[in-house]
Amino acid sequence: MRIAITHQLSITPPAGSTNAVLHLLLTPQSGVTQTVESWSVSAAGIGNAARFADAFGNTVHLVNQARPEGEWSVSVTGVVKTFDRHGVLGRPAGEPVPALYKRLTALTKAPVTLYSKFRGSKDSRLDVLHALMARVAEQYAAPEAPVQMQTQGAAGQSQSQGAAKAVAATAMDLTHSFIGAARALDIPARYVTGYVAGSDENEPGFHAWAEAFDEHLGWIGFDCLLQVCPTEQHVRLAVGLDAVYATSLRGVPAGDGVKLGAVTVDVAE
């Protein structure tokens, strides 16, 4: 599947700032599940931005602006060809050791009731992870409360992108719960940001899901909102310990915070 994406964001530094820096995690990488055919990130000063790989292997842009005035806009456009590998990412080269993703964070503390039934399980790790994905959805189940495809697109900010199954939580909430439970079971797990194309089950938009590590298959994705392993509808963008580490846009100084503009995710001809 070829997926065309546009994404608009903006941030307003505090009035009178002598300097501002944008930290961008808005550049996907090619791998076994996707090939980036074209991709462009536009922002004032992007031509002189520092570009490097962070500790998680994400592509980072650091954009510096002297004496910024008013709103600072960021635009993303691109086309990505995706492949359905049933969520299996494997072991991408150059990544940190999986044990890094056993680290607990404030956002990934899961209640014992979520994972206690899986302790000491004789099932394979893969079976446990699939059962855990279902358990997370059950925990938040509320038939009359449709879930929002809401993820953390910028530090401290949430964004909603359409409704999906009847679960009273956001994609970010579900993903954090899954990650916390997996780590409590001594399974490395991480937060993933990206985009998802529309289907009968969901509307298109910015999205979030988890990846957990299996000794035999490597990294495997688990979309707790849609209750599937990522398919060719998913475009992977960045990873981190939780939503804060994988946030798409943050500014220093923070100012009025990030404004989340339009996101379009269409299946390209």
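Reader: Which residue stands opposite Ala-189 in β11?
Author: That's Ala-212. Keep in mind that this is a predicted model.

Reader: What makes β10 and β11 a pair of strands?
Author: The cut-off is at least two bridges between them. Strand β10 (residues 189-196) and strand β11 (residues 205-214) have eight bridges, in the antiparallel sense, so they count as paired.

Reader: Where do they sit in the sheet?
Author: The sheet is open, with five strands in the order β7-β12-β11-β10-β13 and antiparallel pairing.

Reader: Why are β7 and β13 called edge strands?
Author: Each of the two, β7 (88-90) and β13 (234-240), pairs on one side only. From one strand to the next, the twist averages 35 degrees.

Reader: What packs on the sheet?
Author: Helix α2 (residues 125-140) does, touching β11 and β12 (218-222). Helix α3 (residues 171-184) packs on the sheet too, touching β10, β11 and β12.

Reader: Okay, rings now. Why is the pair of Phe-56 and Tyr-101 called tilted?
Author: Ring centres have to lie within 6.5 Å, and planes under 30 degrees apart would be stacked, over 60 edge-to-face. Here the centres are 5.9 Å apart and the planes make 40 degrees, so the pair falls in the rest, which is tilted. Phe-56 is in the loop between β4 (50-53) and β5 (59-66), and Tyr-101 is in the loop between β7 and α1 (112-115), 45 residues apart.

Reader: And what makes Tyr-101 and Trp-219 edge-to-face?
Author: Their planes stand at 90 degrees, with centres 5.3 Å apart, so edge-to-face is the label. Trp-219 is in strand β12 and Tyr-101 in that loop between β7 and α1, so the pair ties together parts 118 residues apart in sequence.

Reader: Are Tyr-101 and Trp-219 buried or exposed?
Author: Both Tyr-101 and Trp-219 are buried. Phe-56 is buried as well.

Reader: Which rings are linked into a cluster?
Author: Phe-56, Tyr-101, Phe-213, Trp-219 and Tyr-245, through ring pairs. The count of aromatic pairs comes to seven.

Definitions and conventions. Residues are numbered from 1 along each chain as its sequence is written. This is a predicted model: local features need pLDDT of at least 70, side-chain atom pairs count only at pLDDT 80 or more; totals for chains, interfaces and linings use all residues. Side-chain values use heavy atoms; hydrogens and water are left out. Helices (H or I, at least four residues) and strands (E, at least two) are DSSP runs, numbered from the N terminus. Axes are lines fitted to C-alpha atoms, for helices over the stretch in contact, and angles run from 0 to 180 degrees between N-to-C directions. Contact means heavy atoms within 4.5 Å. Rings of Phe, Tyr and Trp (its six-membered ring) pair if their centres lie within 6.5 Å; planes under 30 degrees apart count as stacked, over 60 as edge-to-face and the rest as tilted. Buried means under 20% relative accessible area, exposed over 50%, partly exposed in between (1.4 Å probe, protein chains only).
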